Amino acid sequence: ALGPHPWGSPRAQAAAAYVAAQMREAGLDTVELQAFDRHGVRGTNVVGTLPAPGEEFVVVGAHHDTAPEAPGAYDGGGGVGILIELARVLARDERRQRTVVFVSFDGEEAWSTGKGTTAGSRAFLERLGPRVRSMVAAFVVEMSGWKGGTPVVHPIPYADPREKGRSVVAPAWLVAAVLGGARSEGSPLGVGDPVLSWLYPPAVRTFRARLYGDDLSFLQAGHPALFASDSSFTAFYPDYHRPSDTADKLDAAALERMGRAALGAVRALERVPRGPSEEPAWFADR
């Protein structure tokens with residue numbers, strides 16, 4: 001209903017306020033509107049927390065800003081809807097082994113301003129400061145809710161800003177945990193593409209993929225992260241970044257399918273043994 005709400009716009013601020021209200025209604029007692037400024041553009045992340053004993057925590061993310069011309073029902077309204085419903089389900093479960101931090105990022109579409117990428121998630125990491133050492137992993141729900149899509153994880157290698165010619169990618173233990181968790185909820189995730197799954201890991205290492213999510217910020221900062229979507233190379237949402245990305249394009253069954261997969265992934269990350277930040281050479285065998 002907001003129409004396009006890109007990073008830095010008053011409508012993006014309204015989107016953040018809406019998400020915060022929904023998180024509180026879902027049962028999160030601690031919800032923060034986290035303002036940030038990057039390259040002279042102001043934005044607002046929404047951060048909600050479900051606490052557990054101990055210092056370790058898992059981040060679950062999506063993004064509420066849109067491309068300049070798009071209402072953003074699918075990119076990333078679908079992911080935000082799933083994020084809110086995950087909070088609602090998990091808030092009823094008091095058996096958490098790790099704190100779960102739900103973050104709706106602003107500025108994922110920062111490319112449209114010409115001032116960098118994934119601005120909100122980079123600001124979130126900076127705000128964590130030394131506490132970042134207790135973060136086990138980040139799981140990001142990207143474009144979701146398309147009837148013609150297939151839920152997959154995208155372990156895409158990104159350029160490592162710390163060393164020229166080097167890449168960073170989601171570690172194998174994280175991919176395995178997410179895939180196993182999704183299966184346990186009866187909603188399995190593929191790896192990269194429903195048709196090209198076995199070719200996907202070498203393909204994205206050989207040919208630089210332009211697809212990315214807020215996992216980019218975490219991986220480039222040296223932290224384990226992975227994103228999921230029901231768009232892939234052979235089945236890509238046709239209304240991506242267009243004015244036609246409206247709510248009538250979303251499908252309830254498709255949202256539930258991804259939501260169940262994400263729920264399984266988060267529950268798995270609450271209990272999986274903490275692994276290394278980097279495993280750059282693994283091949284998808286699950």
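Predicted model: local features only at pLDDT ≥ 70, side-chain atom pairs only at ≥ 80, totals over all residues.
Which side chain makes a polar contact with the side chain of aspartate 239?

1. The partner is serine 244: its side chain and that of aspartate 239 make a polar contact at 2.6 Å. To find the spot, look in the loop between strand 10 (225-229) and helix 7 (252-271), where aspartate 239 lies.

2. Is aspartate 239 buried or exposed? Aspartate 239 is buried, yet has no salt bridge. The nearest side chain of opposite charge belongs to lysine 249, 4.6 Å away; a salt bridge is counted within 4 Å. Leaving aside residues up to four places away in sequence, aspartate 239 touches Ser244, Asp245 and Lys249.

3. Eight strands form an open sheet with mixed pairing, in the order 1-2-4-3-5-10-6-9. Its edges are strand 1 (30-38) and strand 9 (190-191), each of which pairs on one side only.

4. Helix 1 (residues 10-26) packs on this sheet and touches strand 1, strand 2 (41-50) and strand 4 (99-105). The direction of helix 1 makes about 5 degrees with that of strand 2.

5. Helix 3 (residues 119-128) also packs on the sheet, where it touches strand 1, strand 2, strand 3 (57-63), strand 4 and strand 5 (135-141). Between the directions of helix 3 and strand 1 there are about 110 degrees.

6. One last stop is strand 9. Strand 6 (residues 152-154) runs parallel to strand 9, and two bridges join them.

How values were computed:
Residues numbered from 1 in each chain as written. Heavy atoms only, no water. Pairing = 2+ DSSP bridges. Helix = DSSP H or I, 4+ residues; strand = E, 2+ residues; numbered from the N terminus. Contact = heavy atoms within 4.5 Å. Axes fitted to C-alpha atoms, helices over the stretch in contact; angles between N-to-C directions. Buried < 20%, exposed > 50% of the residue type's maximum accessible area, 1.4 Å probe, protein only. Lys, Arg positive; Asp, Glu negative; His and termini not counted. Polar contact = N/O pair within 3.5 Å; in protein donor to acceptor, adjacent residues only side chain to side chain.
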